[in-house]
Amino acid sequence: MTSVRRVIATLCTIALMILSLTGCGGVVSSSKSKETSSGVVSAVTGQPQGPTITIGVATDLPGLGYWHDGAYSGFDIDVAVYVAQALGYSSRQIIFTQVEPQDRVRVLADSSADMVVAGFAITDESVQQVTVAGPYLEVRPAVLVHQQDAKTDTLPDTLSSAEALDALHAHDVTLCAAQGTAVHTMIEHYQLSALRDYRTYGQCMTALMAGSVDAIAGDDVILPGLIRERRAQYRMVVDADAADQMKYGIAVARGRDELAKKIAATLRTMVTDGSWQRYVDNNLVPLGYRPAHTLSTDDIVVHSAA
């Protein structure tokens, strides 16, 4: 009996040590995921301590929002943790929820998430559905193509979005865009006939590799992450027109203006204290991203429908 008690005591000690270690670090992660009734996946380190905040993030975008080897990483993850902690939540109170582009509005409307930090562009359409604080990142529209492809070889490395879409249409290029993204909406308005809809950028990348599509429409932050391990095989055609830039914001449910104001204030602090630049340098610069200029705190405001 004494031996049994000794073994049990030893196992309990090991378990306590593991729990204490998982509480360290800024990014909430887990080796196990839990499917919720809303169909999204949540993960949290250990057991939440006290009130929690649920944040919708991407999980298939290296450099931006990525789930790999039991941990989240990326620029959006760092930003989300910074904001949540500024709002008074510890790392043990943060729950990350996987959200696909077309579900970002829904998870806020049905309270599956308190905020979404997942490459959500601030557009006239998006602010009709949600309230957005930002921007916290400015990106350029871009198209990813094969390094050598007769349909796209003549495309230069920089083109405006309108010029790129004209050229793709003229060469009968089949283009993939993730549903629910600002780029997808722009292409729909353009009425490009050879548009293929997929739920995620990861699915678009699989289709490009398999030859089901000729190109992927995205931006100069998302697309480099998709080709991080395959840079020699693909290239980007980037929109260098400043007027076409897109701006990422943090979305909350429509009408949650007070929360959005707190988030906007936190984002301004994130820029002024140097955290924003550090997150860019750590996550995005290795992918080749270079911001056109330092993000202006004057531009970070709350965007909502009147």
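The exercises below, with worked solutions, concern the disulfide, the aromatic pairs and a sheet of this predicted model.

The model is predicted, so local features need pLDDT of at least 70 and side-chain atom pairs count only at pLDDT 80 or more, while totals for chains, interfaces and linings use all residues. Residues are numbered from 1 along each chain as its sequence is written, and side-chain values use heavy atoms, with hydrogens and water left out.

**Exercise 1. Determine which cysteines a disulfide joins, and where they lie.**

Step 1. A disulfide is defined here as a pair of cysteine sulfur atoms within 2.5 Å. By this rule the count is one.

Step 2. The cysteines joined are Cys 176 and Cys 204, with an S to S distance of 1.9 Å. The angle about the S-S bond is -70°, and the link is left-handed.

Step 3. Cys 176 belongs to strand β11 (residues 175-178) and Cys 204 to helix α6 (residues 201-210), so the pair ties together parts 28 residues apart in sequence. Helices (H or I, at least four residues) and strands (E, at least two) are DSSP runs numbered from the N terminus.

Step 4. Buried means under 20% relative accessible area, exposed over 50%, and partly exposed in between (1.4 Å probe, protein chains only). Cys 176 is buried at 0%, and Cys 204 is also buried at 0%.

**Exercise 2. Classify the ring pair of Tyr 136 and Tyr 248.**

Step 1. Rings of Phe, Tyr and Trp (its six-membered ring) pair if their centres lie within 6.5 Å; planes under 30 degrees apart are stacked, over 60 edge-to-face, and the rest tilted. The structure holds five aromatic pairs.

Step 2. The ring centres of Tyr 136 and Tyr 248 are 6.2 Å apart and the planes stand at 50°, so this pair is tilted.

Step 3. Tyr 136 lies in strand β9 (residues 130-139) and Tyr 248 in strand β15 (residues 246-253), so parts 112 residues apart in sequence are tied together. Tyr 136 is buried at 0% relative accessibility, and Tyr 248 is buried at 1%.

**Exercise 3. State the strand order of the five-stranded open sheet and identify its edge strands.**

Step 1. Two strands pair if DSSP finds at least two bridges between them. The order is β12-β11-β13-β10-β14, with mixed pairing.

Step 2. The edge strands, each pairing on one side only, are β12 (195-198) and β14 (234-238).

Step 3. Strands β10 (residues 141-146) and β13 (residues 215-219) run antiparallel and are joined by five bridges. Val 143 has Ala 217 as its bridge partner in β13.
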